[in-house]
Amino acid sequence: MEIFHISAECYPMAKVGGLADVVGALPKYQQNAGHEVRVVVPSYDTKFKNENDFVCVHWGTVELGSFQFPYSVLKERTDKLGYELYLIEIKELFDRPNIYGYDDDIERFLSFQIAVLDWIKARNTVPDVINCHDHHTGLIPFMLQFSYKYEVLSEVRTVITIHNGLYQGWFGFDKMHYIPEFDLKHAGFLEWNNSLNSLAVAVKCAHAVTTVSPSYLDEINVSANGLESLFNSVRSKSKGILNGIDIEVWNPLKDKMLEEHFSIDDFETGKQKNKEKLCERFDLDASKPLFSFIGRLFDEKGGDLLPLASALALSENFKDINLLILGSGNPDIEAQLLQLSNDYKGNYNVFIGYNEELAHLIYAGSDFILMPSRVEPCGLNQMYALRYGTIPIVRRTGGLRDTVIDFGDDGNGICHDQASVGDVCYSINRAVNLYNDKTRFNKIIIKGMSTDHSWERVCQEYIETYNQIIQKHES
Ligand code: GLC
């Protein structure tokens, strides 16, 4: 079948978070399974864009109310990502270094969605499925069904995959006229709590709703930033599909970003070499357990707990553990974390920013990875960590609940229930004891490294969902 994935992010073209990893990998596995898969993202001014070769396959003009934006559709020439990658180039709106965070984000992503549909319509073949990802693409299912100009595409089946339901793409009805003309009797689909809510529109109009883990689907029925009752009402067309990871990119035996390769047979020596490299670079003590955090420093990820939890863990166990943090986000959290590097020299360090290579080395060289998230729709870091022989310490929520089981219950990690400093420190203490019991520690690492989180298995679940909505339509 012909499948389009429409997204704001796709690794390696444009990445802010896990959304990019999923949209960069799932299509490759769908293509390998015999489908024709195309990914479409905006053309930002990124390294990948500048260093790769693109060919223009279509151009036109987006009309957004009275504004007009010329656009081009650029195809990556080689298909080296394992699927066809297309960029929508709207110079005025997207030729900027950042993906989000501009005052005109509503205009940017609306124009993107309109350009995508204008182009798909011009191709003269009707795709089987359009899989939209998060709110930036949420109006597509509505426009396909109700905008007059896309009538020829009204048979296309649509899926909205929710990677993060907290962000919903709200805007005022004063901008409703940006949406290509539709019968106003359908305007109710656009509204939620007196504003135009892009995610709610997608949830109402898409033929299927998927979340990136089964537990997250349960959770958004109870807590979803105002959309709980909507999620309840669409339960019958919803499914939680746990993300996979790209086991070709994330392979400790081949990963070029590591100091030393290793497998389940020689992880002890392999991991130690990576740890030594990390400790040398960050002035840490390689003979002590290394706890790391990788991610965005926001409350959602439990980033606000890190400064105090680190200070407590380091002062209680000072010289017993190392802590290394890689991330950026809330400036207050960043400042507090930086301050700690003066207080705990030799056992603590922080790198503010994001660096893919360093992230790989941290997964390989750490003993434990901390994920105290308040909300975690799926979480990929715990899966990368498991594959690289690093024990995840997680708060039981969303996808973390679905992938990490406490070692006390014969599982592969360490779990706690509260997003609190106390719970994080308690888990760190349990981890230190575990680290000192090498036989048990290694047994848990082996269990984690043997888990199969590959997309191969998972990608079939997406195909089943697509088939179900296609068959339902035909019958
Ligand atoms: C978002 C979620 C994260 C999920 C990722 C990929 O970043 O916060 O939990 O793993 O999307 O689906």
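The protein splits into domain 1 (2-244 + 456-474) and domain 2 (267-451). Keep in mind that this is a predicted model. Taken over C-alpha atoms, the centres of the two domains sit 33 Å apart. Where domain 1 and domain 2 meet, the contact takes 20 residues from domain 1 and 16 residues from domain 2.

Gly-379 brings a backbone N or O atom to 2.7 Å from a ligand oxygen, and Pro-377 has a backbone N or O atom 3.3 Å from an oxygen of the ligand. With Arg-296 it's the side chain that does the reaching: one of its polar atoms lies 3.4 Å from a ligand oxygen. How much of the ligand's own accessible area does the protein cover? On its own the ligand has 310 Å² of accessible area, and the protein covers 96% of that.

Next stop, Val-375. You'll find Val-375 in the loop that runs between strand S16 (368-371) and helix H13 (381-387). Leaving aside residues up to four places away in sequence, Val-375 touches Leu-166, Tyr-216, Glu-300 and Thr-397. Take Glu-300 from that list: 75 residues separate Glu-300 from Val-375 in sequence, yet their C-alpha atoms are 5.5 Å apart in space.

Last, have a look at an open sheet of three strands, laid out in the order S8-S10-S9 with antiparallel pairing. Strand S8 (170-171) and strand S9 (191-192) are the edge strands, and each has a single partner, so one side of each is left without a neighbour in the sheet. As a reminder, strands in a sheet pair through backbone hydrogen bonds, parallel or antiparallel. Between S8 and strand S10 (residues 195-197), which run antiparallel, there are two bridges. Which residue of S10 is the bridge partner of Phe-171? That would be Leu-196.

Methods
Residues are numbered from 1 along each chain as its sequence is written. This is a predicted model: local features need pLDDT of at least 70, side-chain atom pairs count only at pLDDT 80 or more; totals for chains, interfaces and linings use all residues. Side-chain values use heavy atoms; hydrogens and water are left out. A polar contact is a pair of N or O atoms within 3.5 Å; within protein, one must be able to donate a hydrogen and the other to accept it, and residues adjacent in sequence count only if both atoms are side-chain atoms. Accessible areas come from the Shrake-Rupley method with a 1.4 Å probe; for residues, only the protein chains shown count as cover. Two strands pair if DSSP finds at least two bridges between them. Helices (H or I, at least four residues) and strands (E, at least two) are DSSP runs, numbered from the N terminus. Contact means heavy atoms within 4.5 Å. Domain bounds come from an automatic or database domain assignment.
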